[in-house]
Amino acid sequence: MAAKLLKGAEVAKEIRAALKEEVDELKAKHNVIPGLVTILVGEDPASESYVRAKQKTAHELGFHSIQDNQPADLDEEALLALIDKYNKDPEIHGILVQLPLPKHIDDQKVLLSIDPDKDVDGFHPTNVGKLLIGNPYYSPCTPFGIQELLARSGAPVEGAEVVVVGRSNIVGKPIAAMLMQKGPAANATVTVVHTRTKDVAFHTKRADILVVAAGVPEYIKGDMIKPGAVIIDVGVNEVGRTEEGKRILKGDVAFDEALEVASAITPVPGGVGPMTITMLMKNTVHACKVHNKIK
Ligand code: NAP
């Protein structure tokens with residue numbers, strides 16, 4: 001039987017509808033508007049499209065939203081000064097610096113300069129630390145979206161064998177940390193594999209829940225999947241363009257093969273991606289409430 005599709009796009013729509021109500025209430029009752037700035041340095045087409053999607057959603061929800069585009073040759077000092085300006089701006093509650101940054105800029109230094117209270121991407125070491133000790137403040141958006149999707153899908157996470165493919169700071173490490181915590185949609189036994197793992201398939205084949213964030217198109221084949229597993233495919237890989245110039249995207253999982261083996265799988269696109277953007281909005285609403293001391 002073909003696996004059920006975990007349609008993040010639909011779940012994200014539900015969450016955004018609830019967020020819109022919250023935003024309207026914040027305006028009506030408290031006269032505050034969630035403020036989000038997205039800073040893009042350079043003209044990488046993929047980054048431009050991600051930032052556009054984030055801004056579009058922020059506008060739809062009625063945020064005060066600013067897209068701040070900076071040239072690729074912006075120097076590090078200038079970027080730090082820009083962040084400092086937004087750190088001090090009372091109308092901005094969330095600051096997102098789109099990664100990757102140009103090579104001449106130290107991204108860790110930049111992430112460190114964002115006020116942890118405005119770090120809606122959840123990448124500041126203070127927020128990473130809080131997440132790790134089980135006291136999250138802002139959870140990073142992609143893992144947060146994955147956990148929410150798992151929770152709403154009814155997939156049993158507690159006690160599950162979870163295998164995460166990839167150990168990036170953005171996806172692999174934080175999702176592993178989140179699913180191993182004590183708490184709802186967590187309490188899993190987590191294994192993380194990467195390029196130095198001796199036998200990746202040995203691990204993936206015993207996963208009840210397989211989270212794949214490797215950035216390698218169709219890396220996980222059907223015979224690497226445990227029958228009945230729940231698959232979260234985080235990968236977004238451009239493998240070509242249509243005649244009209246539209247990007248052709250593939251996940252990190254061989255989708256057609258996985259459909260035959262797994263019990264549920266996120267499609268690419270329309271799975272994890274829309275959840276990521278939505279959790280950024282959720283974090284920004286949260287930031288706005290914290291800044292305005294609203295429960
Ligand atoms: P990344 O920083 O490049 O990390 C990739 C990780 O996968 C690394 O830890 C790497 O191991 C591991 N890996 C790569 N090839 C492997 C292999 N053959 N076997 C085992 N492990 C392997 O990537 P990322 O930022 O985590 O992103 C991963 C994918 O998710 C990309 O396609 C990205 O576009 C996508 N993504 C999607 C969203 C979304 O919202 N949908 C958000 C973020 C990222 P080493 O550490 O050993 O090098």
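The model on screen is a predicted one.

**Stop 1: the ligand and its shell**

If pockets are computed on the protein, the space that the ligand takes is the largest pocket.

Next, display the polar atoms. Which oxygen-directed distances can be drawn from the ligand to side chains and backbone? Select S168 first: one of its polar side-chain atoms is 2.5 Å from a ligand oxygen atom. Then select T276, where a polar side-chain atom lies 2.7 Å from an oxygen atom of the ligand.

**Stop 2: two cis peptide bonds**

Move to P100, in the loop that runs between β4 (94-97) and α4 (107-113). Is the peptide bond from L99 to P100 cis or trans? The bond is cis, and its omega is near 0°. Most peptide bonds, by contrast, are trans.

Now select P269, located in the loop between β11 (264-265) and α10. The bond joining V268 and P269 is also a cis peptide bond, with omega about 0°.

While the loop between β4 and α4 is still in view, select Q98, which is found there as well. Q98 has 7% relative accessibility and therefore counts as buried. Show the side chain of K54 beside it: a polar contact of 2.8 Å joins the side chains of Q98 and K54.

**Stop 3**

Select T38, which is placed in strand β2. Is T38 buried or exposed? Its relative accessibility is 0%, so T38 counts as buried. The side chain of T38 is joined to that of Q55 by a polar contact of 2.7 Å.

**Stop 3: two residues with positive phi**

Most residues other than glycine have a negative phi. With that in mind, select N31, in the loop between α1 (8-30) and β2 (35-41). The phi of N31 is near 60°, a positive value in a residue that is not glycine. N31 counts as exposed because its relative accessibility is 70%.

The second case is K293, in the segment after α10. What is the phi of K293? The value is near 55°, again positive in a residue other than glycine. K293 also counts as exposed, because its relative accessibility is 76%.

**Stop 4: distances across the fold**

The last selections are pairs of C-alpha atoms. Start with V190 in strand β6, residues 189-193. At 22% relative accessibility, V190 counts as partly exposed, since the buried class is limited to values under 20%. Draw a line from V190 to G159: these residues are 31 apart along the chain, and their C-alpha atoms are separated by 9.6 Å.

Next select A264, which lies in strand β11. A264 has a relative accessible area of 7% and is therefore buried. From A264, draw a line to M180, 84 residues away along the chain; the C-alpha atoms are 21 Å apart.

Finish with K29 in helix α1. K29 counts as exposed because its relative accessibility is 61%. How far apart in space are K29 and P269, C-alpha to C-alpha? The separation is 37 Å, for residues that are 240 apart in sequence.

Definitions and conventions:
Residues numbered from 1 in each chain as written. Predicted model: local features only at pLDDT ≥ 70, side-chain atom pairs only at ≥ 80, totals over all residues. Heavy atoms only, no water. Polar contact = N/O pair within 3.5 Å; in protein donor to acceptor, adjacent residues only side chain to side chain. 1 Å grid on protein atoms, 1.4 Å probe; cavity = no way out; pocket = protein on both sides within 12 Å on 5 of 7 lines; lining within 4 Å. Sits in = over half its atoms within 2 Å of the grid points. Helix = DSSP H or I, 4+ residues; strand = E, 2+ residues; numbered from the N terminus. Buried < 20%, exposed > 50% of the residue type's maximum accessible area, 1.4 Å probe, protein only.
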